[in-house]
Amino acid sequence: MAEAHPVGFQWVMEAKRRGAKVFHVDPRFTRTSAVADEYLPIRAGTDIALLGGVVRYILDNELDFREYVLSYTNAATIVSEEFSDTEDGDGFFSGFDPETGTYVQDSWQYEGHEDSSGSGHTAQERDSAAGLTHESHGAPVGGQTRRDETLQHPRCVYQILKRHFARYTPEMVERVCGISQAQFLELARAWTANSGRDRTGMLIYSVGWTQHSVGVQYIRTGAIIQLLLGNMGRPGGGVMALRGHASIQGSTDIPTLFNLLPGYLPMPHHAEHPSFDEWVDSIRHPGQKGFWGNARSFAASLLKAYWGDAATPENDFCYGYLPRLTGDHGTYQQVLNMIDGKIKGYFLLGQNPAVGSAHGRAQRLGMANLDWLVVRDLFMIESATFWQNGPEVATGEIVPEECRTEVFFLPAASHVEKEGTFTQTQRLLQWREKAVEPPGDARSELWFFYHLGRKLREKLADSTLPRDRALLDLTWDYPTHGPHAEPSAEAVLREINGYDVATGRPLSGFAEARADGSTAIGCWIYSGVYADGVNQAARRKSRHEQDWVAAEWGWAWPANRRILYNRASADPDGNPWSERKRYVWWDAEKAEWTGYDVPDFEKTKPPSYRPPVGASGPEGIAGDDPFVMQGDGKGWLYAPSGVLDGPLPTHYEPVESPVRNPLYGQQANPTRKMYAHPVNSVNPSPPQEHAQVFPYVFTVSRLTEHHTAGAMSRTVSPLAELQPEMFVEVSPALAGEVGLTHLGWAHLVSGRAVIEAKVLVTDRLTPLRVDGRIIHQVWLPYHFGFEGLVTGDSANDLFGISLDPNVLIQESKVGTCDVRPGRRPTGPALLDLVADYQRRAGIVPGQHAPAVTTDNEGKEHGAS
Amino acid sequence: MFRGSLAWEGVSGLGLRTFIEGWPVYRQLTGTDPLGRGAAAKSDGSRALTARTEDADSVARSVCPYCAVGCGQRVFVKDGQVSQIEGDPDSPISRGRLCPKGSASKSLVTSPLRQTTVRYRRPYSTQWEDLELDTALDMIADRILAAREQTWEDVDTQGRPLNRTLGISSLGGATLDNEENYLIKKLFTAMGALQIENQARI
């Protein structure tokens, strides 16, 4: 955190000054470790084993916050007797379909709800990254659930959890993660001791956690611990994602993502959502409890914002205009399709996949096979010049005279040359004022897309084709100003907020959304950001002039609420758990919820409220059910649906690992998304043969002085001077083993690429004793590329493409490689070296190991 | 800095008192700055200096463009140019602080490496050419319409609507404003382009 989010880290240091104990778990000793109380080196890719050990420690010692757990989580809920655990299935839950490599979730449901898992089969959900739309929408839990408040029933969640993690002992943590039992126990003791009525603990992760084939389950394990310890919905608690880009939260909420529409409404699927009603019902689940019951209003209001007068109740608000998913349209599938010549044109908007995405060679080969490419950036980045200066030009794989891609480079406006809002990592929107005009041809994306849309509509003005109606009927009349006719960002923010169609009055919040076409809302969760016609995100009341919650600085979605599910900061009767942790509580005199924050609960629903039989929507949520977006109002220790690779997290080895899974016969996540494409490959792992060809683990991360793929830092002289070259950190032991010299050169080889780096021999890397042998890990920064003031080979070139099944994010925090002294070969000799490694490792490009591990595999690789 | 030595030759003319007061060490010993880190070390030259922030024509309240912590920035402008970017002490998030990257924001936005004109590379060409911005916009619009024409899918094999093109892709958004992402998604959706992604998938 000190490396990648230094200014956020001041709050950790503030807590430390007040007595908090800081634990830092990382494969590499960083600037965070240097100021932490304890540093725990860990083998990359084993976090579920570590956190699972903490879960076991809590349950074995009965250290859970029992009153919270009983009232606010599904610990007491009884699960179907058809469910069987990975402990009994050698790494498989019940319901696995080896044909598709996905689960049928029926047997995971609560008892009596076996039929309520939707389609049950998750193959299609994996392809469209739809699993988590259930999670955020609360999976359907109709009617009542059976509970055992004593937590003794063998099939209640509490007991299932206990059995599931029974083998995650301190000894097992040591064996899997390489963390000593003493250090593990110190971590577990401190975490549990700092949780309860009077104290809360926070779990902070950076989004490297998501870049694993089991990334979502990492975060699930953290959430289980935080629920068991009563740390959710309370001040100083929570699971906090430290995201890495100025508005990556905003670009998820208002998604430039293939599977979502604004406000986490799913992009329709051609088979699942043929009609507006079916689409809406898949979100709101008729009869279900919780706030997604109002989904019809949000959906109708979005379409009304898009298509204005053309969108009427009679034509389902132009639902027919929306394009439909048929499967996986994610960025990695797209790149493979580019290589195969299926994609004509590609826009890059402040993103540099030639350096920043996994398998850089695939990225560059894909871009070299387009009709046209539009790059909008501040600087001439690698993704614009791959045809001229890329590594494949050196190897002869891309010949400029034979590369057909037409490239448009359009300079972009910087953050001070335009106005608008960023949403930072805590859901807080902050408006930026414009300081100066952009130079030359540089323009904002707002300008580019507004005028591009204007031109498209002009060119199509006379079209009678049905496919052009969606463009021609689009509301696209934003006011412009200034010499370049810059569209008004405030007008767009007002549309995002939503307005009353008849009067144009900005809505005060999503409670005003209507399903009859009388309201238009661009992103329902942001409704309220322009309440009363005031730009609430522009509020800048000094921290010196308001309380510590600072509710008048910017605006947080939803409803300017700073902590989600904050009803849980009070006990079931509505009183604060303790004076020290007072945050939101029930004021019996006024008969309403009150506190320092906006209560995340219906304001006047008393703690004693019990829903009438058969109630649905918000009415179905009891007065002591704080998790109001969930179908049962409970925090889910066990997820009966929503998470595609299991209702509970299970330790699987990374897709590429030198270690045989010590816990299960199944080696890696059996549901991971794999691509059998000639450009892609996976290094062999046990029990496959030849794993020893790539004996070392490598991991990558950021340096304080650089930013992601380097476009905003390798071009900036003070930053380039501070970190001027690509390097690899290795332990003295590994340097000795391989023959590396400090400040000399090394090259690293995977089944995809070979890259070179300067050698930094340092104790920051610790050889780990894992399952009876020493595992060496090396670390690389992933910022370097071939353009800018400082250049170097790209670490992301080493990775292949294997994805988490829930969110289709690639495993790019851990892989295997070989490390060799000296510089890498150049030209065609470089390709020969990679080919030689592939041959020795038995890699056949386009084929990968079967998803299901069998001990007699390895003789030959199975095709997909 | 030891300024006194420069004045040796003119001692008699200047007067001894003025000469001695010209020594920082004297001011250090007699004044309020015994460590010589403040007033005692000032010269006439440094006394006359003012902060770049003081004579700015305007100040914009902004937010750092790097990571997602969202540190407050104040952007100072003089003669239409960014003259300084500093942390905003009012921010409850950052309390005026910026990291090395945030502190280098002025160097980022004023970098001489910034590309400020449109560049165009023809198919099979070995070099860049210049292009007018409006021409580029027009050419891109034409290419979008051609890609839709070539790859449009009305319905699936069972006649269910698809309304889309898989011939167009886009990547990016995490560094952009919410308002920009909103227009990007809205326009691409209306043109039937599904394959819109950003860093959140990576």
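Which residues of H19(A) meet which residues of H7(B)? In this predicted model, A:His451, A:Leu452, A:Lys455, A:Leu456 and A:Lys459 meet B:Leu137, B:Asp138, B:Ile140, B:Ala141, B:Ile144 and B:Leu145. Contact here places the C-beta atoms of two residues, built from the backbone, within 7 Å. The residues of this helix contact comprise seven nonpolar, one polar and three charged, where Ala, Val, Leu, Ile, Met, Phe, Trp, Tyr, Cys and Pro are nonpolar, Asp, Glu, Lys and Arg charged, and the others, Gly among them, polar.

Residues are numbered from 1 along each chain as its sequence is written, with chains lettered from A and ligands numbered from 1 in written order. Local features need pLDDT of at least 70 and side-chain atom pairs 80 or more, while totals for chains, interfaces and linings use all residues.

The contact between the chains takes 130 residues from chain A and 99 residues from chain B. On the chain B side, 50 are nonpolar, 28 polar and 21 charged.

A strand pairing also links the two chains. Strand S11 (residues 406–411) of chain A runs antiparallel to strand S4 (residues 119–121) of chain B, joined by three bridges; strands pair if DSSP finds at least two bridges between them. Within this pairing, A:Phe409 stands opposite B:Arg119.

As for confidence, the predictor gives the complex an ipTM of 0.97 and a pTM of 0.95. Chain B has a mean pLDDT (the predictor's confidence in each residue, from 0 to 100) of 91, and 93% of its residues reach 70 or more. Over residues 1–11 of chain B, however, the pLDDT is below 50. Where pLDDT is low, the predicted coordinates should not be read in detail.

Note on methods
Helices (H or I, at least four residues) and strands (E, at least two) are DSSP runs, numbered from the N terminus.
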